[in-house]
Amino acid sequence: MDIEELLERYAAGERDFRDVDLSYSDLIDVNLSDTDLSESDISATNFTNANLSRANLSKSMVMGAIFECADLSYANLSASDLTECDFSDANLVGANFSGSEMFTAILRGANLTGVCLNNVSLNHANLAGANLTDADLSGASLDRANLTGANLTGVKNANISGAIIYTTTTMPDGNVVEHRQICE
């Protein structure tokens, strides 16, 4: 299925697009809210400014995709490979990333309020300036993740051992770290 066909079928009311190959596509500014793209290949696809709210992207190959300024609120991205994805300034409120691989992902300035990051590898991820208020990080790995300026207020079950904090990071207990350190 090509992009034009997908968008035509979406406009006609279809929402089930499981197991499609949209890799290396440009889907800038598209509205695909409530769409089922589970088990799909959307690697290296550009979703800048796209609306994917409540979309199902679970068990998908998403490596290197760009979601800059996209709306993925309440989306399901569980058990997906999100390695090297760019979620800069994205709205990820309430999204489910449970069991996903997010090695070297960019989440700079993203709104991750209330997200589920259970058993997610965020090793070497860039979370600078991200809002993780009330996020659940049970079993998540943040080794060498950049949490500079991140808001971790109310984060549940966080193990930030090995994370890098440079300045003005709000910790889960509300304390503000104002110097460079690697958490032990």
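Biologist: From which number are residues counted, and at what pLDDT do local features count?

Modeller: Residues are numbered along each chain as its sequence is written, and side-chain values use heavy atoms, with hydrogens and water left out. In this predicted model, side-chain atom pairs count only at pLDDT 80 or more, while totals for chains, interfaces and linings use all residues; the numbering begins at 1, and local features need pLDDT of at least 70.

Biologist: In what order do the elements of the protein run from the N terminus on?

Modeller: Helices (H or I, at least four residues) and strands (E, at least two) are DSSP runs, numbered from the N terminus. The protein has 1 helix and 4 strands. From the N terminus on, the order is α-β-β-β-β.

Biologist: What percentage of the residues in the protein is buried?

Modeller: A residue is buried under 20% relative accessible area, exposed over 50% and partly exposed in between, with a 1.4 Å probe and protein chains only. The protein has 184 residues. Of these, the buried share is 48%.

Biologist: What percentage of the accessible surface belongs to carbon and sulfur atoms?

Modeller: Accessible areas come from the Shrake-Rupley method with a 1.4 Å probe; for residues, only the protein chains shown count as cover. The accessible surface of the protein comes to about 7800 Å². The part belonging to carbon and sulfur atoms is 43%.

Biologist: Which residues have the most contacts inside the largest nonpolar core?

Modeller: A nonpolar core is a set of buried Ala, Val, Leu, Ile, Met, Phe, Trp, Tyr and Cys residues joined through side-chain atoms within 4.5 Å. The largest one has 51 residues. Contact means heavy atoms within 4.5 Å, and F87 touches residues including F67, L92 and F97, leaving out those up to four places away in sequence. Inside this core, the residues with the most contacts are F87, L92 and F97.

Biologist: How are the rings of F67 and F87 arranged: stacked or edge-to-face?

Modeller: Rings of Phe, Tyr and Trp (its six-membered ring) pair if their centres lie within 6.5 Å; planes under 30 degrees apart count as stacked, over 60 as edge-to-face and the rest as tilted. By this rule there are 3 aromatic pairs. The rings of F67 and F87 have centres 4.9 Å apart and planes at 5°, so the pair is stacked.

Biologist: How many residues apart in sequence are the parts that the pair of F67 and F87 ties together?

Modeller: F67 and F87 both lie in the loop between helix 1 and strand 1. The pair therefore ties together parts whose separation in sequence is 20 residues.

Biologist: Which residues form one aromatic cluster?

Modeller: F87 is also paired with F97: their ring centres are 6.0 Å apart and their planes at 90°, so this pair is edge-to-face. F97 is buried, at 0% relative accessible area. The residues of the cluster are F47, F67, F87 and F97.

Biologist: Is L127 buried or exposed?

Modeller: L127 is found in the loop between helix 1 and strand 1 (164-165). Leaving aside neighbours within four places in sequence, L127 is in contact with residues including L107, L112 and T148. Because its relative accessible area is 1%, L127 is buried.

Biologist: How many disulfides does the structure hold?

Modeller: A disulfide is a pair of cysteine sulfur atoms within 2.5 Å. C69 is partly exposed, at 38% relative accessible area, whereas C116 is buried, at 18%. The number of disulfides is 0.

Biologist: What is the phi of Y74?

Modeller: Y74 is found in the loop between helix 1 and strand 1 and is exposed, at 53% relative accessible area. Although Y74 is not a glycine, its phi is positive, at about 60°.
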